[in-house]
Amino acid sequence: MTLTTVSQNRSHGGVQGVYRHASHETGTDMTFSVYVPPHEAGTKLPVVWYLSGLTCTHANVTEKGEFRAACAELGLVFVAPDTSPRGEGVPGDANGAYDFGLGAGFYVDATQEPFARNYRMWSYVTEELPSVVAANFPVDPRRQSVMGHSMGGHGALTVALRNPDRYRAASAFSPIVAPSQVPWGIKALGGYLGSNKDDWRKHDAVALIEDGAKFSDLLVDCGDADQFLAEQLRPELLQAACTKANIPLLLRRQEGYDHSYYFISTFMCDHLRWHAARLND
């Protein structure tokens, strides 16, 4: 595995890096960022995976997430992959839509053409990239957690629910909790996975919980001024599913906050402290 360093910058005593590698899952070069906090040589650190939302790359949270001070204090490695395969010849939406195709991989392994070859973001973020990070950075694979925003919140919840023994904590900002029931998700899951809605359920947090998936506890923040709250996010569906399944959920509706990184950066440290408490117990 050849890892190319795109950039490295000193920050809060640690190193913020951006890296690129050739992915066998997506068939493209993939770029991701890693913040490594200050630490003693030979120390293995807990790692937080952050999955971004529609239209984003690794750069959005890296530049606007305001996570480094907390990660340096708490001793957390912070990894932010891209949301989709990139490169010449990768299929995108023919109409240039933001919610399908490039920038909208939805963290699934596509089965439908022409997306099946490249859109393998589930396997990329759950298998390939963790192997790359473990081989190149001082992470402890026994102490992992996952978080995300919007489409990435959907990804974080489904990754955690399907791998409860791998991740010690999971949280989300403004997640798409029931993609099978909202326009963004119906378009993406239908386009990538086909028309059989039974195939969608393993990529739908509410459906996974209804089908018996469990997790220790979940933290979700939504802004009550989020323009997507009622139509696309539907956090009340997650609350109802968790209540019925006896999964502890802390769902906070933050007054006056929208869907942006102003919201995410405001509560990022809260989430990282919540993760650290579970990663270090």
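## An enclosed strand

Buried means under 20% relative accessible area, exposed over 50%, and partly exposed in between, with a 1.4 Å probe and protein chains only.

This is a predicted model, where local features need pLDDT of at least 70, side-chain atom pairs count only at pLDDT 80 or more, and totals for chains, interfaces and linings use all residues. Residues are numbered from 1 along each chain as its sequence is written, and side-chain values use heavy atoms, leaving out hydrogens and water.

## Partners of β4

Two strands pair if DSSP finds at least two bridges between them. β4 pairs with strand β6 (residues 139-149) in the parallel sense over 6 bridges, and there Y50 has M147 in β6 as its bridge partner. With strand β5 (residues 77-81), β4 also pairs in the parallel sense, over 3 bridges; W49 stands opposite V79 in β5.

## One side of helix α5

Now look at helix α5 (residues 183-193; helices are DSSP H or I runs of at least four residues). Its residues W184, G185, A188, L189, Y192 and L193 are buried. They cover an arc of only 100 degrees around the axis, so they lie on the same side of α5; the arc is that of the directions from the helix axis to the C-beta atoms. After α5 comes G194, with a positive phi near 100 degrees.

## Cysteines

A disulfide is a pair of cysteine sulfur atoms within 2.5 Å, and the count here is 0. C71 is in none, as the nearest cysteine sulfur, that of C269, is 8.3 Å away.

Note on methods: Helices (H or I, at least four residues) and strands (E, at least two) are DSSP runs, numbered from the N terminus.
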